[in-house]
Amino acid sequence: MTDNTPATEPAMPPAATGATPPSAGKPAAVPPPRKRGVSPAVSALVVVIVLAIVLAAALYLQRREFLAAGREVATRLDNLNGALAQTRADARQALALAQAQAGKAAALENALRETQSQYATLEQAWQAFNDSASDDVLANDVERMLTIASQQLRLAGSVSNAIVALETAQSRLARADRPRFASLQQAINGDLDRLRAVPTVDVPAQSSRIERLVALVGKAPLLAPDAVAPGMSAPGASAEAAPAAAPAAPPPAAETLPADAAWWQRWRAEIASWPARGGSALVHELGDLIRVQRVDEPSALLLSPEQALQLRSTLRQRLLSVQLSLLMRQPAIWKSELETVNRTLDTYFDRRSADTLAALNLTRELMQTEISVPVPDVSDSLSAVAALRADSANTRGRD
């Protein structure tokens, strides 16, 4: 604070002022009253008041900011409380879902355990059933399979079917796992090894050759033309008839005439060539009426179209018998029918045709094919079954 108290001014000497000093007898002049300044207390009071106002204003502003911050914090707390409530609701829903899934999983696990228990029970029951099955039932099943295999070998000659029957019996013994049947199982294994070593006939290939032979028989020409091959001639005959089919050569006289010969000369040469042309045409037309050919069976040339059709049908039936004998493994019928077919082809068909020659060659190849091969039997397995039955009968007799 500024000190407003006026300082005491020093007395000026009289010489300095230039005034005449007052006389000693006159009283001195009284100076006028001076203005007094503000006291320090007032200044301090003012300062305190100003400071109080500023402090009050600062406190007011701070309170406003505090209230605004409080309201913002309260808003945020409300938002957080709402989000927390939503989160709690979601958590409760997820927990309920998890509990439901856990219940389902527990139910499925219980069902699985129950199923496993039932399966184990069934397996034990099946095992007990297998264990409790009598040896006689097992022996009957195996003997039935062996009988089927023996019939397939003796009657049909089918090695593959016999192998299937023996493999079925072998698997039945393997599932039973009875020590008493060990010798029988060894006998079946030996019979299986012998049957698997037997060479087999390629039935599909032989059947396709027979079908090809049927097709050749259906189109090969006979010595007497029929409805199938009415005008078919041998390749040699067509080659021999080719020169006759050529046009007759002009006579030498016509060739010697010049290009500028008179008309009467050309007419005379033309008339002179008529006999030669007529003879060539006659030879060409009548040349196929006479054919020289050697035939071992004269009746082959006298077949009517109906007889020729019947002959081809008979050959097809015989080839069908050949195919059946192949399937039934009957070599006697196979060779007999093929010999008949070969003899018929050689007698009634034209051997100069390529189809006839192919049919003859294919028939001879089939005649040389063996359709029956020696096959072993299953006597060892049957003997083992019989021995096993006798042993069981002796055991029961002693009991």
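User: Thanks! Let's start with E143: what is its relative accessibility, and what does it count as?
Analyst: E143 has 29% relative accessibility, so it counts as partly exposed. With a 1.4 Å probe and protein chains only, buried means under 20% relative accessible area, exposed means over 50%, and partly exposed is in between. Keep in mind that this is a predicted model, where local features need pLDDT of at least 70, side-chain atom pairs count only at pLDDT 80 or more, and totals for chains, interfaces and linings use all residues. Residues are numbered from 1 along each chain as its sequence is written, and side-chain values use heavy atoms, leaving out hydrogens and water.

User: Which side chain does E143 meet in a salt bridge?
Analyst: That of R389, at 2.9 Å from N to O. The pair links distant parts of the chain, with E143 in helix 3 (residues 135–156) and R389 in helix 14 (residues 379–398), 246 residues apart. A salt bridge here is a side-chain nitrogen of Lys or Arg within 4 Å of a carboxyl oxygen of Asp or Glu. Helices are DSSP runs of H or I with at least four residues, numbered from the N terminus.

User: And is R389 buried or partly exposed?
Analyst: R389 is partly exposed, because its relative accessibility is 30%.

User: How many salt bridges does the structure hold?
Analyst: It holds 12. Among them is E167 with R196, at 2.8 Å from N to O. E167 lies in helix 4 (residues 159–176) and R196 in helix 5 (residues 182–196), so this pair ties together parts that are 29 residues apart in sequence. Another joins the side chains of D346 and R351 at 2.9 Å, N to O.

User: Which residues are linked in a network of salt bridges?
Analyst: D191, R194 and D380 are linked that way.

User: Switching topic: what span should helix 11 have?
Analyst: Helix 11 covers residues 305–328, and its 24 residues at 1.5 Å a residue should span 34 Å. The expected span is 1.5 Å times one less than the number of residues. The end C-alpha atoms are 35 Å apart, which agrees.

User: Which of its residues are buried?
Analyst: In helix 11, the buried ones include A308, L311, L315 and L319, along with R312 and Q323.

User: What covers them?
Analyst: The cover over the buried residues of helix 11 includes helix 6 (203–219) and helix 12 (331–348).

User: And what follows helix 11?
Analyst: R329 does, with a positive phi near 55°.

How values were computed: Helices (H or I, at least four residues) and strands (E, at least two) are DSSP runs, numbered from the N terminus. Contact means heavy atoms within 4.5 Å.
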